[in-house]
Structure formats: C-alpha cells, structure tokens
Amino acid sequence: MLITGGTGVGKSQFALQWGMGLAKGVQWNDLLFEKSRVLYGSHEMGPNEITYFTSKLRKGMELDRERDIFHILPIGYAVSVLTSEGREFYLQYLDDYDVFIFDTVSSSTHLAMLDEASAPGIVAFFDMLTGEGKTVIALGHDSKDAVRNKSSRAEDMFGHRLLMDRASTIVRLHAETDQDEYITVKWPKVRLGRALQPTTYSRNTETLWLTKASDEQTLEHNLTRSGVKERKAPTQHIHVEVDKGLF
C-alpha cells in the first residue's frame, strides 16, 4: 500500500493511526483492521517528534503494552533499503512483525524521488517482504504538480510508475492547508477489495485523531474549498391568492 499526499498534510498522523488500529485489531471509521504486529520505521521524525505525536494520539486510542504490538523506530534519518546494510536492518525484524510501515519511501532510498535505476530495487525489497506474508505500507510525497493541480490520478502522484503498478492499494490525502481541520481521503487504486468512495475526515486538534465528518460538515468543507464562505438559504416560492375585489 502507498499513502501519498502533499508535505504536511498529515500522512504520518494517518499512518500512525492505522498502525495503532492494526495493532489493536479494531474498526477505524469504516475500515475493520485485522489484529497484527506492527513495526513503524520513522525515518523523517526522530524521538522528540514521535513522542509528541504519539502522546496526542494515545488520547484517542490507548494500546495495551502486552497484547497490542505497535513498535516505532524513531530513527530520524534515512536508512536505504537499496543497500545490503539497509535491508539487513529491517530483515532482522522479519519474524517479529506482520506489518512494516516505511515513513517515507524517499528516506528509505536516500533519494528525493525514485528513478529508473532505483525503483526496481525498492520494489524488489517490498516484494520480498510481501512474499514472506508481510504487509508493506509506504508513505510518499506527491509531486509538486500533483499538489498544485489537486490531481488524484495515480500516475500524477509520487514515485516511479513501477512502484505505483506494484502497489495493491493507493491512498491519497488532501487538505487545503497544513492546519486544515479536514482531510479528504481518496482511493485512486484498490486492487484487492471493493472500490471506496472519497471521504472527508475531521481532525481533532487535541488528539490528532481523524473521524468521519458528518454530511453537513462535509458540505460546509466543500463549499469553503470552492470559495463559498457561507451557504445561502434556499429561495422559497410562496403562492399567495389575492382577492382582487379588495383593490
């Protein structure tokens, strides 16, 4: 699975919530997670940032230290799985976890973007993990053009086409601003399940937890995005019969 979106949209917060939901084996909004052992490789955020985010997220879902296996590696720097050292770094955990989350693809390659030479290597490593029965979730930044044009087509987003083709699912997050309390989640590609409709989620400022927005909230959000600041009351047509004899 690929989780994509612009810089600062909340991909890490989103993936951390999914990791917690997988570890606990609960329903997250409309999705039911199978209980799993999860390893989250945080290459862009170090211990301080991860502690800040998880301290907030735990207010929305507390994990049992014994039964809910969700472990984070707050590395804070790139570990390239294109090298034997980088691959061995993750393969040492192969028997201990069911789900591997890479935050992000670029920090797992030492490269800003994948190219013809590097894409096959990262895809081969992910294929090796899935071949061992593991689930791989990789985070990636959208291209600048995709962010600017608000494109949700897989071919216009982050990464190399080979990576897009190999992914069974692609999830795209979009928000108007970094501080937007609403995030729209789209599913440009779902290969192994039913197609899912775009959904708007509201973000709790205290817990950073995302919950499905009500129809009214979604409408207000969409109106704001389209430039309409407030809704006008619908025009009411009232039929009045007048006794012409009074005039």
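Which residues do ring pairs link into a cluster? Select Phe89, Tyr90, Tyr93, Tyr97, Phe100, Phe102, Phe125 and Phe126: ring pairs tie these into a cluster.

Before zooming in, some ground rules. This is a predicted model, where local features need pLDDT of at least 70 and side-chain atom pairs count only at pLDDT 80 or more, while totals for chains, interfaces and linings use all residues. Residues are numbered from 1 along each chain as its sequence is written, and side-chain values use heavy atoms, with hydrogens and water left out.

**Stop 1: the rings.** The structure holds 16 aromatic pairs. A pair means Phe, Tyr or Trp rings (for Trp, the six-membered one) with centres within 6.5 Å; planes under 30 degrees apart are stacked, over 60 edge-to-face, and the rest tilted. Show Phe89 and Tyr90: they sit edge-to-face, 5.2 Å centre to centre with 90° between the planes. (Helices, H or I runs of at least four residues, and strands, E runs of at least two, come from DSSP and are numbered from the N terminus.)

Colour by accessibility next. Buried means under 20% relative accessible area, exposed over 50%, and partly exposed in between, with a 1.4 Å probe and protein chains only. Tyr90 is buried at 1%, and so is Phe102 at 0%, but Phe89 counts as partly exposed at 25%.

**Stop 2: helix 4.** Select residues 119-131, the 13 residues of helix 4. Its buried residues are Ala119, Ile122, Val123, Phe125, Phe126 and Leu129. They lie on the same side of helix 4 because they cover an arc of only 160° around the axis, taken from the directions from the helix axis to the C-beta atoms. Show the partners too: these buried residues pack against helix 3 (84-91), strand 6 (99-103), strand 7 (135-141) and helix 6 (161-166). Just after helix 4, click Gly133, which has a positive phi of about 85°.

**Stop 3: confidence.** The chain averages 83, and 75% of the residues score at least 70. Where pLDDT is low, the predicted coordinates should not be read in detail.

How values were computed:
The expected span of a helix is 1.5 Å times one less than its number of residues. Contact means heavy atoms within 4.5 Å. pLDDT is the predictor's confidence in each residue, from 0 to 100.
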